[in-house]
Structure formats: C-alpha cells, structure tokens
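Here is a short report on selected spaces and local features of one protein structure. Keep the model open while you read.

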Amino acid sequence: MKAIILHNMGGARSAEELKEFLYNMFKDKRIISSPIRHILAPLISTLRYKKVWENYKLIGGSRIYTLTEKLAKNMQKYTDYEVIYSMRYTKPFLNEVIHKYEEVIFLPLYPHYSFTTYESSLDDLKSTNYKGKVHIIKPFFKNEKFNKIIAQNILQEINEPKKWNLIFSAHGIPQKLIQKGDKYYENVKEHVEILKSILPEFKSINLAFQSRFGPGEWLKPYLDKELEKYKNENVVIYPLSFMIDNSETDLELKIEYKHLSQKTGIKKYKVISAPNDNDNIAKFLAELADESRNSES
C-alpha cells in the first residue's frame, strides 16, 4: 500500500485536546530547545489550557481537522495513492498511521522552511523508525502554480486592489532562531516579493508577523503595530504561512485583530481564507507529490 501523508501541527476541538496540544508543542525541542522544556511543558499546558479554551470556544474549536480531511478527499481525485493526514501535536499521530504503508510521500503542509515547522515534521518522521520507502516534499513557496493560486484567491475577494492595503501575515518565530540559521524569515520575504511580481497594483503591499508570545523579541514588524498605520483606510490580510485555516486565522486574525482594526479606525478590514480544501490546491498538491516520486524513481 502507498500513501500521501499530509502533515500539520494539529489543533484543539476540546479543552482536553488543547491541553494535549500545548503539552506536546512545548515539549518539542524545536519550540523550546532547553532541557527545561520537560518541566515547562506540563506546567504551561496545565496552567493555560482552560483560559485559552475560553477563546477557542468563540470559533467552536479549530477547523484544521475538518478542512484537512476535505483536502485529502479532494486530492484523492488526482492521485492513485491513498491520501491521509497526521498531526504533530494531536491525534492522529504520524507513528499511528505510517506503518501500514510500504511507500509514502510525506508532505508537510508548510510552504516555508523553519526549524519550528518543517524541521520539526522531519523529526517526527525520523522518530517513527519507518522502514518503507519515503519521498519528502520540500518547502514549495517558489512554485509558480502555487503562487498563481494564492494570487487568484486574493483577487477573487478584492475588486479594486488600488483601494486596499494588502498585508501578508506570517506566523512569527523568535528572532534568536534566525540568528541560529533558521531560513524562515528569508523564505517569507522572498515569497512576498514573488507575489508582488504577479499581483496587480495595491495601495500598498507589506509583510507582518502574528502569534508571538513570551518576553523575547520576535520577527518584526508585528501585525498589531502594522495595523496602526492604516486609520481610515482599507486593509486586507492574507495568511501567508498557513495552508489550512485554524485558530491563528479564525480566532486571531478574524476576531482579535479585527477588534484591533476597529479600535485603530480602519475603514474596512478583511481576512482572506487560507487555501484549505480548494480544488485548485488539491490538484496542485497531488501533482507536487506525483512529481516528487517520479523525480526520485
């Protein structure tokens, strides 16, 4: 049996699942490199999950599972491999699903490289001690088909681009990771320049970063500070680092930052959905997987 395995972080559909997510995330050496993570993970997850879940209830829990499942079903139309998914920090875990297959195409759903996402996914793969044949899909933000899909998604939502300020919002990471050699910032900046080259003229196009936590310095500009520039103007957000809508898009961008935009005096504030289970993205990912196995065969 052969499969394409879509791999993502996971998310929470209940308070207990959120506790599991936080525990496994903070236990990951790619998130917290210090050995103290083995103390912090149970502490943070236990102390924070109930409070955080109160916010999650505003969106009814993460949609990452239903959307990823729909994406897998859509991809099935374009490949003879079985398409399944696994998650890094919540079930279904990779180790639980991979061993029934003799060959897999491993597709981390991250278009950019980062220690915290793509490299963590490879750690997960290695930890399974899988003995079959593996094809690994590398970050694909430079892919022309992928970027045409993003541009199309944006322009379907915006009729008059020159009246809108477009902000590409990417998930932030600590600045110290860049200093250690993480290529994420470099990838994301290059991606924005690629998209600028194929999009029509907007009033402005900028990059900002969301989802920071803790006392350290993270990648800048911070999205909240960027929004302060656009009083009495129209702002559209595209979630650049996300393939599937989740709490960072549904809760953070569409609710929390929308509230901030209203306080700032932004005239119109709009968030464009991630690619999700769009038929074009399903076909693209299936073709990407097919190209990967053919190039290695």
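**The model**

This is a predicted model.

**Two spaces**

A search of the whole structure finds 1 cavity of 30 Å³ or more.

| Space | Volume | Lining by class |
|---|---|---|
| Second largest pocket | about 250 Å³ | 4 nonpolar, 3 polar, 7 charged residues |
| Largest cavity | about 30 Å³ | 3 nonpolar, 4 polar, 1 charged residues |

Take the pocket first. The second largest pocket has 14 lining residues. Nearest its centre lie Asp28, Arg88, Asp123, Asp124 and Ser127. Helix H1 (15-27), helix H4 (94-97) and helix H5 (115-127) each give two or more residues to the lining of this pocket. H5 supplies the largest share, 4 residues.

Now the cavity. The lining of the largest cavity consists of Met9, Arg88, Tyr89, Tyr110, Thr116, Thr117, Ser120 and Ser121.

**Asn165 in strand E5**

Asn165 sits in strand E5, which covers residues 164-171. Is Asn165 buried or exposed? Its relative accessibility is 2%, so Asn165 counts as buried. The side chain of Asn165 makes a polar contact of 2.6 Å with the side chain of Ser204. Beyond its neighbours within four places in sequence, Asn165 touches Lys203, Ser204, Tyr230, Glu233, Asn234, Val235 and Val236.

**Helix H10, end to end**

Helix H10 spans residues 247-264. Start at its N-terminal end. Asn246 caps that end, with a side-chain oxygen 2.8 Å from the backbone nitrogen of Glu248.

Where does helix H10 bend? The bend is at Tyr257 and amounts to about 30°. Tyr257 is also one of the buried residues of H10.

What do the buried residues of H10 pack against? Their partners are helix H2 (37-56), E5, strand E6 (204-210), helix H9 (223-227), strand E7 (234-239) and strand E8 (268-271). E5 in that list is the strand that holds Asn165.

Just after H10 comes Gly265. Gly265 has a positive phi of about 95°.

How values were computed: Residues are numbered from 1 along each chain as its sequence is written. This is a predicted model: local features need pLDDT of at least 70, side-chain atom pairs count only at pLDDT 80 or more; totals for chains, interfaces and linings use all residues. Side-chain values use heavy atoms; hydrogens and water are left out. On a 1 Å grid over the protein atoms alone, a cavity is a set of points where a 1.4 Å probe fits but cannot get out, and a pocket is an open set with protein on both sides within 12 Å along at least five of seven lines; lining residues have an atom within 4 Å of a point. Grid points are joined across faces, edges and corners, and a volume is the space filled by probe spheres set on the points. Ala, Val, Leu, Ile, Met, Phe, Trp, Tyr, Cys and Pro count as nonpolar, Asp, Glu, Lys and Arg as charged, and the others, Gly among them, as polar. Buried means under 20% relative accessible area, exposed over 50%, partly exposed in between (1.4 Å probe, protein chains only). A polar contact is a pair of N or O atoms within 3.5 Å; within protein, one must be able to donate a hydrogen and the other to accept it, and residues adjacent in sequence count only if both atoms are side-chain atoms. Contact means heavy atoms within 4.5 Å. The bend at a residue is the angle between axes fitted to the seven residues ending there and the seven starting there.
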